[in-house]
Amino acid sequence: MDPIVRMTNIAKHFGSVIALNGVSVDVFPGECHCLLGDNGAGKSTFIKTMSGVHKPTSGEILFEGTPMSFANPRDAIAAGIATVYQDLAMIPLMSVSRNFFMGNEPVKTIAGMRFFDHDYANRVTMDEMRAMGINLRGPDQAVGTLSGGERQTVAIARAVHFGAKVLILDEPTSALGVRQTSNVLATIDKVRKKGIAVVFITHNVRHAMAVGDRFTVLNRGQTLGTALKGDITPEELQDMMAGGQELATLEGSLGGTV
Amino acid sequence: MKFVKTMVAAVAVAAAPFAAAADGHADLNYVLVSHAPDSDSWWNTIKNGIALAGDQLGVNVEYRNPPTGDLADMARIIEQAAAAQPDGIITTLADFDVLSGPIKAAVDQGIDVIIMNSGTPEQVREVGGLMFVGQPEYDAGLAAGMRAKGDGVESFVCVNHVISNTVVAERCRGFADGLGVDLGDSMIDSGQDPAEIKNRVTAYLTANPETDAILTLGPTSADPTILAVKEMGLDGDIYFGTFDLGTNIVEAIKDGTIQWGIDQQPFLQAYLPVVVLANYDRYGVLPGNNINSGPGFVTKDALGKVEEFAGEYR
Amino acid sequence: MADTPQAALDERVKDISPIRKALIRPELGGIIGTVAVFTFFALLAGSSGMFNAQGIMNWTTVSAQFMIIAVGACLLMIAGEFDLSVGSMIGFAGMMVAIFGVTLGFPMWMAILITFAICLACGWLNGYIVVKTGLPSFIVTLATLFILRGFTIFIPQTVERKTIIGGIREAAEGDWLAPLFGAKILGGLFQWFGDIGLIAVFERGNRAGQPVVDGVPMLIVWAIVLIVFGHLLLTRTKFGNWIFAAGGDAQAARYVGVPVNQVKILMFMFTAFCATVFAVCQVMEFGSAGADRGLLKEFEAIIAVVIGGALLTGGYGSVIGAALGALIFGVVQQGLFFANVESSLFRVFLGVILLLAVILNTYIRRIITGER
């Protein structure tokens with residue numbers, strides 16, 4: 001199978017700062033590709049490059065086999081690359097259905113004027129949320145009344161509904177409790193089974209191991225290789241993220257659960 | 001619910017002043033509408049004047065004004081006053097275009113209207129007012145200008161704190177004509193803020209040291225100007241005349257900073273219309289002409305009563 | 001998707017009764033306030049002429065003025081921005097109509113269109129500066145407030161040597177566009193009301209026999225049109241969703257492709273449009289433009305919007321609520337005169353209402369949005 005996104009030797013410089021220095025990643029449909037890295041490793045820059053926010057300084061991005069250059073996030077979304085940002089996924093003051101269709105509002109024409117089709121939006125929102133395992137009080141319930149995990153799920157369901165082929169999740173679990181984390185991980189699993197490629201950014205090895213099919217570790221703007229599930233242990237991943245051995249001794253005293 | 005209780009209590013407190021204000025209906029109700037913003041202290045004399053007239057004659061007189069001095073808001077207040085069907089309305093005619101419509105409508109409804117303070121006799125006739133009580137502004141300015149010319153003044157600065165009031169600006173024009181000079185750039189827009197007025201006057205006098213005289217158009221501009229003149233050490237040196245009186249102006253006349261104040265006697269502008277209206281409504285008697293409440297020049301020599309009642313009835 | 005098994009109900013989401021749900025909406029505070037204010041004045045000033053035809057027209061007109069600027073301020077506030085230059089814009093726009101239509105002698109329709117173009121450009125500039133510099137709109141429009149007010153005094157002083165320019169009504173005589181702002185409609189209906197004694201008629205003068213209220217001013221028509229337009233735009237269109245999104249969280253909205261900058265700039269222009277409508281109606285009715293017109297109107301607009309339940313920080317609010325806020329404001333302002341209350345107490349009363357409204361609205365909003 002061909003990768004849906006192939007990024008080769010991507011470099012990104014901000015002035016004199018080298019944020020990415022030769023990153024290569026392949027993403028296949030129906031897999032959950034975990035991108036691991038510590039703070040400052042270049043994860044954010046990398047996903048922003050993939051989602052069209054930044055243009056790479058050098059390197060090549062192939063999307064479905066053809067070279068792509070996105071002018072802005074809208075282009076990337078239109079092509080099927082959707083990103084769910086950790087804190088910026090949803091607007092708390094707005095209703096779930098308004099959030100769900102934000103930027104992609106359905107319209108119906110009445111007397112020559114184009115109106116927001118609330119009936120359609122409400123119906124689809126309820127259905128999609130039910131499919132993801134969240135039972136809303138109503139489509140007009142404000143997102144602010146949802147838990148953090150539920151908000152992530154709404155955002156993921158939204159991206160999937162609007163035809164995402166590649167779903168980039170920026171640390172979706174980092175601010176969540178145990179139960180909400182497992183809900184989000186379950187959602188990721190559902191999405192993967194629909195044949196969508198999921199890029200799951202995290203620095204939590206256990207969350208990555210729970211749903212990941214393949215693992216790429218970023219360190220100081222470079223990839224340290226990609227490993228398949230089963231080929232690598234959590235401890236090895238942890239070491240690679242830290243970029244060496246300095247965590248190893250610590251880990252012993254912490255019981256290997258960092 | 002505690003919240004609701006709090007709200008009810010708060011509304012009750014807020015409503016308390018109304019209970020007192022709503023009763024006390026006399027047999028005749030009049031409304032005086034001014035164009036002055038809340039911040040203009042000169043109108044305090046007007047309030048005292050109508051209160052005294054109301055007490056003496058046993059009639060009810062309300063004072064109303066647009067809080068920011070916006071004349072369009074004033075037009076609405078006149079319309080509102082007419083809707084409340086008082087026996088008479090006393091109002092200024094600060095802008096004929098804006099106010100003539102509402103005033104005419106009130107007159108046509110059968111409400112007696114007396115114009116006070118601002119307006120010309122011709123305009124008063126046109127809107128159908130009973131009479132005009134006030135000081136013809138241009139004439140007052142002209143008289144002041146001629147007096148100043150006699151005292152040897154050749155140039156002046158006019159400190160205008162109500163730049164948007166064309167009627168008041170007539171005072172400056174009259175003064176310039178009385179002096180026989182062109183108004184030109186002699187009028188400065190001082191704004192209403194005392195500190196700004198003071199600074200602008202200081203700046204003007206610094207930039208134009210040859211200025212012979214200062215003309216201020218009321219206590220709002222006169223009080224800070226007095227300070228500016230004293231600070232620059234020009235008191236008694238520069239020729240300083242002002243329209244209208246106030247506590248500080250009287251003090252300044254006394255110590256020689258101000259040569260004269262033109263008293264348009266606002267007390268009369270408030271008191272007389274009430275008297276005229278009440279007697280017209282009760283006995284059908286009406287003076288045959290407009291009443292000129294001013295100008296009267298107040299100098300150092302005649303300060304007794306002025307000083308006693310400055311800011312209150314003078 | 002109908003066959004998907006129902007997910008377990010979250011026990012922490014309380015069930016809400018349909019009545020409560022119907023009540024809990026952004027406009028609730030405005031509705032309660034309106035009822036309270038009308039009850040209050042019906043008791044206190046019921047016999048004072050406040051509720052005869054002329055009295056009703058008086059506070060309706062004043063409320064309509066507030067409504068026109070409140071609709072603009074409301075949409076802009078929901079989009080996350082303020083415009084403090086509304087009051088100055090009113091003075092400026094009126095002065096522009098006077099300068100072009102009277103001083104320069106242009107046909108009135110052309111003067112009005114030029115004024116609209118200039119003011120929309122000012123609104124655009126406000127928005128462009130805010131969006132491009134990222135400065136708080138509070139500061140940018142505060143600057144505009146001073147700049148426009150300064151020009152409003154300077155220009156007529158320079159060209160006419162005075163600060164009130166009259167003669168606009170005469171200049172607008174026979175113009176095709178001016179009646180859209182200055183005319184009154186339904187005159188026949190009101191004449192009939194007068195004839196059958198439903199409303200009072202003039203007793204003397206050359207209008208004797210005509211009703212004291214001789215029609216609905218276009219100002220009120222504009223207010224209704226703008227409220228309906230604003231409400232539909234906000235709640236029933238795609239663009240309305242973008243307004244909410246832009247004010248709720250601009251960054252989140254950008255990530256899903258909402259053109260936040262354009263939305264904000266357009267809302268600044270809409271606010272300027274509303275201010276210009278206000279100004280043109282005013283100069284057409286009163287016939288003159290003055291340099292001090294519109295003083296402090298920006299705050300009155302914001303107060304009306306806040307009474308109506310909008311959130312100062314954006315992303316939440318209702319045009320209907322803002323219109324009710326404007327109605328409350330207008331009724332209170334004029335009603336206090338009818339009730340013969342010392343006019344300086346108006347501010348006290350307004351402050352109390354504002355405080356109560358904000359407390360009530362915060363409480364309602366927390367229920368709706370789950371804010372903590």
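Here are some friendly notes on the predicted model above, chain by chain and contact by contact.

1. **Ground rules.** Because this is a predicted model, local features need pLDDT of at least 70 and side-chain atom pairs count only at pLDDT 80 or more, while totals for chains, interfaces and linings use all residues. Residues are numbered from 1 along each chain as its sequence is written, and chains are lettered from A and ligands numbered from 1 in the order in which they are written.

2. **Which chains touch.** Two pairs of chains are in contact, and chains B and C share the most contacts; contact here means that the C-beta atoms of two residues, placed from the backbone, lie within 7 Å. Chain A and chain B have no contact, and their closest C-alpha atoms are 23 Å apart.

3. **Chain A against chain C.** On this interface, 31 residues of chain A meet 29 residues of chain C. Two or more residues each come from helix H2 (73-79), strand E8 (113-116) and helix H4 (118-131) of chain A. Helices (H or I, at least four residues) and strands (E, at least two) are DSSP runs, numbered from the N terminus. The chain A side has 18 nonpolar, six polar and seven charged residues, where Ala, Val, Leu, Ile, Met, Phe, Trp, Tyr, Cys and Pro count as nonpolar, Asp, Glu, Lys and Arg as charged, and the others, Gly among them, as polar.

4. **Chain C overall.** Chain C holds 16 helices and four strands. Its C-alpha atoms fill a box of roughly 80 × 50 × 45 Å along the principal axes. Among contacts between residues at least 6 apart in sequence, 78% join residues at least 24 apart.

5. In chain C, 57% of the 372 residues count as buried. A residue is buried if 20 or more other C-beta atoms, placed from the backbone, lie within 10 Å of its own, exposed if 12 or fewer, and partly exposed in between. C:Val263, in helix H13 (residues 260-286) of chain C, counts as buried because it has 26 C-beta neighbours inside 10 Å. Leaving out residues up to four places away in sequence, C:Val263 touches C:Ala79, C:Trp242, C:Ile243, C:Ala246 and C:Val258.

6. **The cores.** The largest nonpolar core has 291 residues, and A:Leu167, C:Ala70 and C:Val71 have the most contacts inside it. A nonpolar core is a set of buried Ala, Val, Leu, Ile, Met, Phe, Trp, Tyr and Cys residues joined through C-beta atoms within 7 Å. H13(C) gives the largest share of this core, 20 residues. Apart from it lies another core of six residues, including C:Ile199 and C:Phe202.
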